[in-house]
Amino acid sequence: MTVELRAAGLRLAYGDRVVVPDLSLLVPPGRISVIVGANACGKSTLLRALARLLAPRSGQVLLDGRSVHALPTRAVARELGLLPQAPVAPDGLTVLDLVTRGRSPHQSWWRQWSSADEQAVTSALRATDLADLADRPVDELSGGQRQRAWLAMAIAQQTPVLLLDEPTTFLDLAHQIDVLDLVVDLNRDEDRTIVMVLHDLNQACRYADHVIAMKSGEIVAQGGPAEVVTPATVEDVFDLTCQVTTDPVSGTPLVIPIGRHHSTESVAR
Amino acid sequence: MTAAAVRFRLAAPPVSGVLRPRLLAVCLGLGLLAFVLFCLGMTVGDYPLSVGRVLAALVSRGDYYDQVVVYDWRMPRALAGLLVGFAFGMSGALFQTITRNPLAAPDVIGISAGAAVAVVGGIVLGIGSGVGTQTLGLAGAVLAAVVIYVLAWRRGTTGYRIILVGIGVSWMCTSATAYLLARAKLHEAQQAVGWLVGNLNDVTWSQTTPLLLALAVLVPVTLVLSGWLRTLQLGDDVAAGLGTPVQRARFLLLLAAVGLVAFGTAAAGPVAFVALAAPQIARRLAGVPAPPLVASACTGAVVVLGADLLARLVVGLPVGVITGVLGAPFLLWLLARANRAGSGG
């Protein structure tokens, strides 16, 4: 069920402030792409544009060759899912109710709980390990469970492409890994194309098939983690000197930053 | 907090959905209670009638004079109470859901204040004396809504900005109303204040019929549009991701909410606190996360009819005074609770 998502000549701006001047991108279908970059480099803006939340000044976002802004928004919602940063559920909304709402692009007013809906919701709850908490209000869950509930909603939408804006924000390390592992499951088991924004470079290296490094609204480098995450690129993108070694667990690049303090004698400044 | 839901699916016709037994029971119970209050309201007056005689007159039986009293004299008022409460309750539920804020109600965000300044201006300055209070109230409410929407627009609107701009507009209109009252003649001021508190005393069919016709259109339209509320409640970005045309949906839903409150205010004045309180009462009765539209509307009807009955039986005051007296402590309680929870409620 892979769908090709592509950006062509995107110019993105808020008012007079141009954030992304001219950007083209082909998201590798069926892979996990991670967008990295310093604060305010335009990575979330790019994700919002890919999700059609932000209309480009020029250029377009193409889903299998069709412009997402020209297609009916409900039709796009059956192909392209989105989980924004830190969403908030109304008080008292249960996990089951939230996840069921992920089905809305597939529903009509007389068909609110088809067997396809039930199957999608059940499997999303199972995938996120929330079946036992289905009747609990979302606002009473822990941070990690809450983020899993929102992910379950996005999973139940059953879109071939899933866009995640910093899905690990506000989670402790164990829950971050939990969520990222879940994303890999979605990619491997269901062949979904994933695009996510992550802050942690090492997690990006471990979980991405394709890393997209952005600076000032432009893509500086993209490709496999080992190609992209080098001391030179990190210096360019984050203005940070570092060493890159190998993650002993995953074999992917591991970035060790060099700050102004705490370096041993052997580190060349 | 959240009550049980029953999920059902029929093979033919291929209909499926979620039923909430408690919500259904609450709607039925409130609807019944509203009908009882509607009938009771028609028994009270200079010519006392029993409930039995009111019911007989309603189905066109019984004494001819009873029928005249019920249909020509008392039903306009009772029906106006029912419809105004229904409209305010539903409108409040819409505003609160769209803005995701339990404090958002047409009387907080300036719609009612807009109607008030237009009506008081009409009475005091004699502007549009030909068009009447009703039309002025309607025009004022709609104009205030347009001003709020336009001022809140920055490449789209957000619920938060609508509330902030609305509060500003509300204060401006309230100041203007106060100025007009200050320079009014005594009898004008009396007439204006009588309208400002919300009043069913002098309602006739000429106020009730337009309201009935407006609701016959607005309520079904609102219910059809309300499907969008399910996703809008999750925030603009999530709703957009789920395929909701956020700006169009919010505009149409706000239009319906403004229409409901404008026609209600035109008929009876801004009956205080009903639009604010009814949705929150209904939400707690039904045990659902967001104000349920029909249950909120029924709650509004019960509150207005009950307050009007109380006003006439016990104290002889306009209905808006009673809802205000009962509503103010409720608002304080809501605020205290919202602060404790550390969120919007």
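This is a short talk through one structure, chain by chain, with a stop at the place where the chains meet.

Good morning, everyone. Before anything else, please keep in mind that this is a predicted model, and that everything I describe has been computed from it.

Let me begin in chain A, with the open sheet of six strands, whose order is β6-β7-β8-β3-β9-β10 and whose pairing is mixed. The edges are held by β6, residues 80-83, and β10, residues 218-223, and each has a single partner strand, so one side of each is left without a neighbour in the sheet. Neighbouring strands here are turned against each other by 15° on average, direction ignored.

Strand β1(A), residues 5-14, is joined to β2(A) by seven bridges, the two running antiparallel, and one of the pairs to look for is Leu5(A) with its bridge partner Val27(A).

How many of the eight residues of α1(A) are buried? Seven of them are, so the helix is largely enclosed by the rest of the structure. The buried residues are Lys43(A), Thr45(A), Leu46(A), Leu47(A), Arg48(A), Ala49(A) and Leu50(A), and you will notice that Lys43(A) and Arg48(A) are among them. Just after the helix, Arg52(A) takes a positive phi of about 60°.

For contrast, consider Ser58(A), which is placed in strand β4(A), residues 58-63. Is Ser58(A) buried or exposed? Ser58(A) has 11 other C-beta atoms within 10 Å, and because a residue with 12 or fewer is called exposed, Ser58(A) falls in the exposed class. Leaving aside neighbours within four places in sequence, Ser58(A) is in contact with Gly9(A) and Arg11(A).

Let us move to the place where the chains meet. There, 27 residues of chain B are in contact with 30 residues of chain A. On the chain B side, β1 (6-9), β2 (16-19), α9 (229-232) and α10 (236-241) each supply at least two residues, and the largest share, four residues, comes from α10(B). By class, that side of chain B has eleven nonpolar, eleven polar and five charged residues.

Inside chain B, I would like to show two helix pairs. The axes of α5(B), residues 132-151, and α6(B), residues 159-182, come within 9 Å and cross at roughly 135°, which makes α5(B) oblique to α6(B); the crossing is right-handed. From α5(B), Ala144(B), Val147(B), Ile148(B) and Leu151(B) meet Ile162(B), Val165(B), Gly166(B), Val169(B) and Cys173(B) of α6(B), a contact made up of eight nonpolar residues, one polar and no charged.

The second pair is α4(B), residues 111-125, with α11(B), residues 246-268, packed at an angle of about 40° with their axes 10 Å apart, and this crossing is right-handed too. Here Ile111(B), Ser112(B) and Ala115(B) of α4(B) meet Val258(B), Val261(B), Ala262(B) and Thr265(B) of α11(B), which divide into five nonpolar, two polar and no charged residues.

I will finish with Val219(B), found in helix α8(B), residues 205-225, which counts as partly exposed with 19 C-beta neighbours inside 10 Å. Val219(B) and Val294(B) are 75 residues apart in sequence and 9.4 Å apart in space, C-alpha to C-alpha. Thank you, and I am glad to go back to any of these places.

Technical notes:
Residues are numbered from 1 along each chain as its sequence is written. Chains are lettered from A and ligands numbered from 1 in the order in which they are written. This is a predicted model: local features need pLDDT of at least 70, side-chain atom pairs count only at pLDDT 80 or more; totals for chains, interfaces and linings use all residues. A residue is buried if 20 or more other C-beta atoms lie within 10 Å of its own, exposed if 12 or fewer, and partly exposed in between; C-beta atoms are placed from the backbone. Two residues are in contact if their C-beta atoms, placed from the backbone, lie within 7 Å. Ala, Val, Leu, Ile, Met, Phe, Trp, Tyr, Cys and Pro count as nonpolar, Asp, Glu, Lys and Arg as charged, and the others, Gly among them, as polar. Axes are lines fitted to C-alpha atoms, for helices over the stretch in contact, and angles run from 0 to 180 degrees between N-to-C directions. Angles under 35 degrees count as roughly parallel, over 145 as roughly antiparallel, 65 to 115 as roughly perpendicular and the rest as oblique. A crossing is left-handed if the near helix is turned anticlockwise from the far one by less than a right angle, and right-handed if clockwise. Two strands pair if DSSP finds at least two bridges between them.
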